[in-house]
Amino acid sequence: MEENEEVNGAQEASQEHSQDSLTRVTGMYKDWFLDYASYVILERAVPAIEDGFKPVQRRIMHALKELDDGRYNKVANVVGHTMQYHPHGDASIADAMVQLGQKELLIDTQGNWGNILTGDGAAASRYIEARLSKFALEVVFSPKITEWQLSYDGRKKEPVNLPVKFPLLLAQGAEGIAVGLSTKILPHNFNELIDASIKHLKGKRFTIYPDFPTAGIIDVTNYNDGLRGGKVRVRAKISQLDKNTLVINEIPYGTNTASLIDSILKANDKGKIKIKKIEDNTAAEVEILVHLPPNISPDKTIDALYAFTACESSISPLGCVIEDNKPLFVGVSEMLRRSTDFTVELLKAELEIQLGELEEQWHFASLERIFIENRIYRDIEEEETWEGVIQAIGKGLKPHTTHLKRPVIEEDIVRLTEIRIKRISKFDLDKAQQYIESLEGRIAETRHHLQHLVDFAIAYFKSLKEKYGKGRERKSEIRIFDDIEATKVVIRNTKLYVNREEGFVGTSLKRDEYVTDCSDIDDIIVFTQNGEMMVTRVDAKTFVGKNIIHVAVFKKKDRRTIYNFIYRDGKGGATYVKRFNVTSITRDKMYDLTAGKPNSAVLYFSANPNGEAEIVTILLRQKGNIKKLKWDLDFADVLIKGRNAKGNIVTKYAVKRVELKEKGLSTLKPRKIWFDDTVQRLNVDNRGQLLGEFTSEDMLLMVDQQGVVKTAIPELTMRFDDDLVVLEKWKPEKPLSAIYFDGEKERFYVKRFLVEKENKEEQIISDHPKSYLENFFADWRPVVELEFAKQRGKPAKPNQKIDIEEFIAVKGIKAQGNQLTSEKVKNILVLDPLPYEEPVKPQAEEIEVVDEEAIKPEATGKSASAGTPGKGEAPNPKAKDGEGQTTLFEEET
């Protein structure tokens, strides 16, 4: 019994012991993970708002300051010195230092530090050197106002934050990924930050936008002050070198030439763009040459590069900083305000320290003068103890210290006793007085700065801009980007086929009928014999419906492609005619274009890209007492409506067939085209300057500052340079006039000409490097006024008006022209042109395009046969009202 009790007691004791030794993993994970996350956020990835540095960057700057003697130091040496403060490996410190050096603001570098344009890395840290820049020495360091803390091992002191007197975080930018959050602060322009700080100090509003070291073009419409949810679109700067070559001179931020070229080659391999070859000539500046095959549009290729390659990218900023050991999400404007206010506080602290030091210097200089001038040093000759010496000097100074700003203390007297005999013997009273007066002037100046602290801060920022702002002008050009539709610029890299009878379309039906070239991101529109329509994505093989009568690549929002449509409404029903366009649809939805009765059928169909209206012949079947079995129908008499409209009745009798009699011309209004100077693109959306109404035969006239004249058919994908002088609708019969300076003959010439060849660039000024285009006139009768330079000793010649139409006749475009004057011209003033009435051309009849959705006929309650001929009569499209015939094609609603 007792043995069993002992055994049971031992088991209970062992169970209690095992329970005490258990530790919950959940609690450990929670605590350890939180500690780790906090460490990464506070000590590694996110910069502090006070000085804009991450801890590793701050320690690198502190190590550079300790090593600073004006000469370069090996980066490996700096990295080793930094490791006294940073408890991590040398590789991470070296990488952080290279990134700081590549920003070219705080560190003066020597050696191969890599290239942010090409993506080349820096040489090993033992081969490159660095020292602090003059800007860093002036702005970043001020030991007297720096708060210090012990390093991680307690051996050294390091700054808690560096006293940076500049919005450094915004100038350099910052990017870091921590645990649970990240930060991405974009770099901004040096001079613009200073201007914004000055505006803030003056109480004015300011706006700042990013500026990238790789330059490029940026759209900051949705920047959102750098907060979460914002977006900056960046593009490479691409221009046309010649008709078969594009040149990229600037690249988007976050890319390099290697990754950019790689993305272009991948897009070419996928068939999105078509290029011949690429040359990378990048050195100090970016230069990537993209050679195009013949007959490839450069303008379209530029859009395709933006749509399918890294030539355009989107950057999402996220302003996150550390304040009081906590992450803070804040916009760039608030960052700048806080940085500027913090700079003012630092300047105040420096001024207060400086004032205290100046007053101490003035106090001791005054004591020294009293001590030597009144020969108080003689009073200590008979003193034998140190206390007696101190008392004797204090007693001797007392009658002369009433003007001092503070009492004389023992430390002051001790300093007096340390003055050497040599200094006493060579003491100059006048120089001492001048020194004291200079100190008084500096004290007064410092007090004035403290009393007018904002003005002092403004002057400080202006001095920074004057010293260091040269060469730091904005690199990234701010523009508003146009939206590029990928389907409009993609190269057609595959072929579309159709099996009409079985109802299949796709790119894999190579044994069936070829339709057209297309791309793999295109939509296609299909019409069938029973009057149905569908829009679907290009695929290998898609079933849409049997008896296909038309298939083509679909263009969204295309109001100019008009479909002419004649159909029979059900079995034995009346025949209707309609014209419509298709602008918006739901993909893969089948639309019924007839009135909806079973067994409806299409009798005639045509697709017209410019709204052409043909004439067809209607042939009826012989039945009963029909008098007229054949007549012509002109689609130009049919209004363009929505695709849901029932249409106008043609006849209630059975139609045998419909034959094409005559192809038609476009019935659409000329297209109005505008030029948007903001994005340098053409549009039809009423944005910018109206260039005119254009038919398919009209062209644009373009003249640039280099004197190049050319004409071209307007396309919405066209791109224009910033140096355009003239962009307008070209009138072939209107003479053009130009005044240019001939660099070889050093005279102004005027010429008047017509553009002789379409779609060809023509140079209208001489090839001399000093030649330039002074004025270009697209007016019929331009007038200028010459202002002559005054010659020495002669009265000024009066101004001369010149009617260019009378001055010179119209000549060839290559003609040199007439010399404008032999006198030296000071200025050429452009006056209002003389009146001229242009000949009026007869305008073609215009057909209105009705909006997309029309009222269905069933909703009106009218008969579907309204407007049909009487019994036994055939319709007469040529009949006039009042001649006993019903008007043909009365609108069906």
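Over how many bridges do E2 and strand E3 (residues 129–132) pair, and is the sense parallel or antiparallel?

A: Happy to. This is a predicted model, in which local features need pLDDT of at least 70 and side-chain atom pairs count only at pLDDT 80 or more, while totals for chains, interfaces and linings use all residues. Residues are numbered from 1 along each chain as its sequence is written, and side-chain values use heavy atoms, leaving out hydrogens and water.

E2 and E3 pair in the antiparallel sense, over four bridges. Strands (E, at least two residues) and helices (H or I, at least four) are DSSP runs numbered from the N terminus, and two strands pair if DSSP finds at least two bridges between them. In general, strands of a sheet pair through backbone hydrogen bonds, either parallel or antiparallel. Within this pair, Thr109 stands opposite Ala130 of E3.

Now step back to the sheet around them. It is an open sheet of three strands in the order E1-E3-E2, with antiparallel pairing. Strand E1 (73–74) and strand E2 (107–110) are the edge strands, each pairing on one side only. Across E1, E2 and E3 lies helix H3 (residues 55–67), which runs at about 85° to E3. Axes here are lines fitted to C-alpha atoms, for helices over the stretch in contact, and angles run from 0 to 180 degrees between N-to-C directions.

Setting aside residues up to four places away in sequence, Met97 touches Ile60, Leu64, Val75, Val78, Ile107, Trp113 and Ala130; contact means heavy atoms within 4.5 Å.

Buried means under 20% relative accessible area, exposed over 50%, and partly exposed in between, with a 1.4 Å probe and protein chains only.

Strand E4 (residues 147–150) and strand E5 (residues 157–161) run antiparallel and are joined by four bridges. Leu150 has Lys157 in E5 as its bridge partner. Six residues sit between the strands of this hairpin, and Gly154 takes a positive phi near 80° there.

Most residues other than glycine have a negative phi, and most peptide bonds are trans. Asn295 is a residue other than glycine with a positive phi, near 65°. You can find Asn295 in the loop between strand E13 (288–291) and helix H10 (298–308), where Asn295 is exposed, with a relative accessible area of 81%. Arg375, again not a glycine, has a positive phi near 50°. Its relative accessibility of 45% makes Arg375 partly exposed.
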